[in-house]
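These are my notebook entries on what I looked up in this model. I took one residue before turning to a whole chain.

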Amino acid sequence: MEQAVLRLFEYFWGMFGLWDPLWALVKPVWPLVWVLMKIVAIILPLMLCVAYLTFWERKIIGWMQVRIGPNRVGPWGLLQPIADGMKLFFKEVLVPTGANKALFFVGPVMAIAPALAAWAVVPFFDGGALANLDAGLFYILGMTSMGIYGVIIAGWASNSKYPFLGAMRASAQMVSYEIAMGMALVTVLMISNSLNLSDIVRAQGRGWFADHGAGFLSWNWIPLLPMFVVYFISGVAETNRAPFDVVEGESEIVAGHMVEFSGMAFAMFFLAEYANMILVATLTSILFLGGWLSPVGFLPDGFHWLAVKISLFLFLFLWFRATFPRYRYDQIMRLGWKVFVPLTLVWIVVIGSWMVSPWNIFK
Amino acid sequence: MPMDFKTALFYILSTILVIAALRVVTARNPVHAVLFLVLAFFNASGLWLLLQAEFLAIALIVVYVGAVMVLFLFVVMMLDINLERLRQGFWSNLWLGGPIAVLMVIEMVAVLSARSFGLEAMPEPAAPAAGYSNTKALGMAIYTDYVYPFELASVILLVALIAAVVLNLRQRRDNKQLNPAEQIAIKRKDRVRIVSMPSEKE
């Protein structure tokens with residue numbers, strides 16, 4: 001890939017006769033430039049996906065409620081996210097009088113930075129990850145657990161009551177569901193015997209069914225069905241999406257930690273939330289639905305399968321939002337601590353016993 | 001003499017780490033102090049990454065930055081801390097605190113001096129073989145050689161956890177908690193009675 005890109009550049013700049021002086025300039029820092037190019041190749045499509053996910057969300061929820069949804073800007077309303085982005089970009093960023101100025105701006109940055117950094121280890125196809133880290137899954141856990149700081153700092157620095165309540169709710173909720181999420185991942189590690197995301201996907205491509213052309217029955221979702229459900233629901237709770245959106249419950253605390261933010265500062269939180277949604281959908285597809293693997297033997301593996309699976313989970317996110325009423329706060333805590341955590345503990349024991357028994361299929 | 005990239009990175013990370021650690025104790029606002037502590041942890045984890053201990057580095061982030069410090073921040077934000085009262089006893093307690101601080105510095109210098117941690121005492125470890133995973137090495141060490149100390153530590157943590165719950169457990173009289181199973185099992189006929197009665201006015 002690297003050679004192909006280099007040849008393309010050589011051809012393009014060679015037309016103007018500029019290739020040799022340019023290459024002399026770039027060659028010492030080429031590894032850095034190459035990594036930066038890969039980062040841009042991940043972040044740019046991601047941001048575009050975020051923009052069109054908001055559009056898709058409004059359309060889907062519109063259809064589910066027998067409305068049309070956004071349809072004024074561009075054909076079928078397709079330019080709506082661009083218009084929204086422009087509006088947010090040119091809006092004034094207001095800072096409340098009593099706010100802690102530095103932290104007020106650190107908040108949104110702390111929200112979006114981990115949401116983007118986590119993508120570094122996600123494998124999009126075989127060998128297609130920015131960093132093929134041995135502790136990849138652990139790295140993602142670390143990055144997503146830092147997203148909470150953006151919310152807490154923003155809520156505190158606003159020096160306002162609703163944001164502070166939102167921050168308190170967010171920290172309690174995210175810390176609780178992180179535990180269920182981490183425990184669900186332990187079972188995935190146990191059966192794939194690796195923390196490397198690419199290895200986890202490859203482990204799902206092995207097995208009796210995969211050899212007989214029905215790969216989707218070899219994926220992790222069957223032996224780990226309860227963990228699959230726990231992980232995805234915890235993911236919905238981690239991203240503070242409906243029905244777990246008490247953090248920004250409109251009818252109670254207006255918009256939670258985002259109340260005092262406007263313009264791009266607000267847009268940062270928005271981008272972070274949607275980037276996290278896509279991340280949870282991607283991870284669920286990679287860990288439980290075989291990532292880039294094809295469900296059937298006669299079709300080739302590739303990025304398109306991952307895209308289909310991600311879209312499926314993103315649709316579930318939107319479907320949930322249009323369907324379920326918001327959880328009461330104590331019910332959220334009960335679900336996390338009294339249902340999910342014990343369930344994951346039991347399933348770790350079940351998988352553990354299965355693996356030491358003679359019927360172990362995870363070799 | 002030009003430095004190689006790793007050395008430069010080491011100096012950047014350690015400079016930020018030292019400054020952040022100093023700010024933890026000097027920051028006037030306790031919330032700022034906690035956030036500087038987070039920054040310090042983050043840079044310490046970067047240093048561990050430079051030592052090729054990626055599992056420990058990420059564990060530091062997950063455990064301390066991701067969980068412990070969030071709860072710290074949570075508590076510090078909720079507390080109404082009076083800075084004047086905290087500073088009150090500074091001069092009157094200095095005669096005790098000062099010598100203890102000096103003693104600690106002397107101890108640290110004695111332990112971490114060049115004699116015990118210099119290049120002669122601690123030579124650079126041999127480059128790991130291909131396919132070496134320190135996650136796996138750590139797991140092997142914890143679950144074979146050190147399995148009893150490890151289990152003991154986890155039992156102590158469990159006891160602390162249960163103790164914390166028991167100490168805070170008290171039945172409140174105004175508790176309005178409901179049993180969700182009972183709530184779901186409610187049927188209409190348990191709550192509503194429809195009475196058929198003739199109208200009272202002609």
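**Entry 1**

I note that the model is predicted.

I then asked where Asn240(A) is found. It lies in the loop that runs between helix H10 (225-238) and helix H11 (250-253) of chain A.

Next I listed the contacts of Asn240(A), setting aside neighbours within four places in sequence. The partners are Gln173(A) and Met174(A), together with Asp245(A), Val247(A) and Glu248(A).

**Entry 2: the fold of chain B**

I turned to chain B and counted 10 helices and zero strands. Read from the N terminus on, its elements run α-α-α-α-α-α-α-α-α-α. I compared its radius of gyration, 29 Å, with the 17 Å that the globule rule gives for 202 residues; the value is well over the rule, so chain B is more spread out than a compact globule. Its C-alpha trace spans about 110 × 55 × 40 Å along the principal axes.

**Entry 3: burial, contacts and surface of chain B**

I recorded that 19% of the 202 residues of chain B count as buried. Among the contacts in chain B with a separation of 6 or more, 58% come from residues 24 or more positions apart.

The accessible surface of chain B is about 17,000 Å², and carbon and sulfur atoms hold 68% of that surface.

Lastly, I looked up the charges: chain B carries 17 positive and 14 negative side chains, with the centres of the two sets 12 Å apart.

Note on methods: Residues numbered from 1 in each chain as written. Chains lettered and ligands numbered in written order. Predicted model: local features only at pLDDT ≥ 70, side-chain atom pairs only at ≥ 80, totals over all residues. Heavy atoms only, no water. Helix = DSSP H or I, 4+ residues; strand = E, 2+ residues; numbered from the N terminus. Rg over C-alpha atoms; globule rule 2.2 N^0.38 Å. Buried < 20%, exposed > 50% of the residue type's maximum accessible area, 1.4 Å probe, protein only. Contact = heavy atoms within 4.5 Å. Areas by Shrake-Rupley, 256 points an atom, 1.4 Å probe, with all protein chains shown as cover. Lys, Arg positive; Asp, Glu negative; His and termini not counted. Charge placed at Lys NZ, Arg CZ, Asp CG, Glu CD.
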